[in-house]
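Take a walk through this structure with the model open beside you.

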Amino acid sequence: RFSFVGLHLKTKLTPSNDDGKIMLPRDDAEELGNKLQTLLDGDSQSPSSAAVTMDIRTHLAMLQANSLPRSRGMLGTNSDVWAIVDCIKDGIHADNEDSLLFEYNYDYDDPFGGCDPLLRAGNAYSISTSSSEYIKDFHKQQVMEAFSAAYTALMGSGMDPVSSICIANSVKRAFHKLGSTDGISYEPPSYTWKTIDLIVQYSRTASERVVTVNGLARKMYKEFGYR
């Protein structure tokens, strides 16, 4: 039996037939949410805790489809915590060096909305960098996977979610800055002191720039969700 499991949800986003907006289809969001709920519900062989990362459009799609799982303690001691590898800036999806952390504070004893994520959306923590660079498509996957691996490893070691996402975001930035590419393939940075020092530098900056916003998931759901 595993005591902890880390997951990155890699979904297939497609253009909407209505306005061309890139999104996760509702049916796919429902299926993904149900599968993840089954995993988190688990059985005697399931892990006792977990950490999950995903992109913002997948998260909002599961919210809209009412299929965002409730973990009953597996994703956090007092709340469900979801790490988001990208963000929305000025109402537009942005594949840049920013990240988000969403909390949902469920009350499983309250039958009147205690498990409604829109009613129980807690704090969101935005990790915003000063960089205006966007991550290129041909190595976006590797950079996002570096973020996810770092976040889940840190959470698995017992670090708190906000500190974990600050460091994970810094790993993403370092892989973006130091990784090399020929426009087709991507080579991650070597694990040298230069890379480690840059991650430490970025982590210190990130911890100073954490912005706490109450109910941000609810606001994004209204502004950027499905219609």
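Start at Y151. Its relative accessible area is 0%, so Y151 is buried (buried means under 20% relative accessible area, exposed over 50%, partly exposed in between, with a 1.4 Å probe and protein chains only). This is a predicted model: local features need pLDDT of at least 70, side-chain atom pairs count only at pLDDT 80 or more, and totals for chains, interfaces and linings use all residues. Residues are numbered from 1 along each chain as its sequence is written, and side-chain values use heavy atoms, with hydrogens and water left out.

Now look along the helix. Helices (H or I, at least four residues) and strands (E, at least two) are DSSP runs, numbered from the N terminus. F147 is also buried, at a relative accessible area of 0%.

What describes a pair of aromatic rings? The distance of the centres and the angle of the planes do. Rings of Phe, Tyr and Trp (its six-membered ring) pair if their centres lie within 6.5 Å; planes under 30 degrees apart count as stacked, over 60 as edge-to-face and the rest as tilted. The whole structure holds four aromatic pairs. In one of them, the rings of Y104 and Y106 are 6.2 Å apart at their centres, with planes at 10 degrees, so they are stacked. F147 and Y151 are stacked too, at 6.4 Å centre to centre and 5 degrees between the planes.

Y104 is buried, with a relative accessible area of 0%. Y106 is buried as well, at 11%. Ring pairs join Y104, Y106 and Y108 into a cluster.

Charges also meet rings here. A charge sits over a ring if NZ of Lys or CZ of Arg is within 6 Å of the ring centre and within 35 degrees of the ring normal. The charged end of K172 is over the ring of F147, 5.7 Å from its centre. R173 lies over the face of Y202, 3.9 Å from the ring centre.

Two strands pair if DSSP finds at least two bridges between them. Inside the order, β4 (residues 49-54) and β5 (residues 80-84) pair in the parallel sense over two bridges. T53 has A83 in β5 as its bridge partner.
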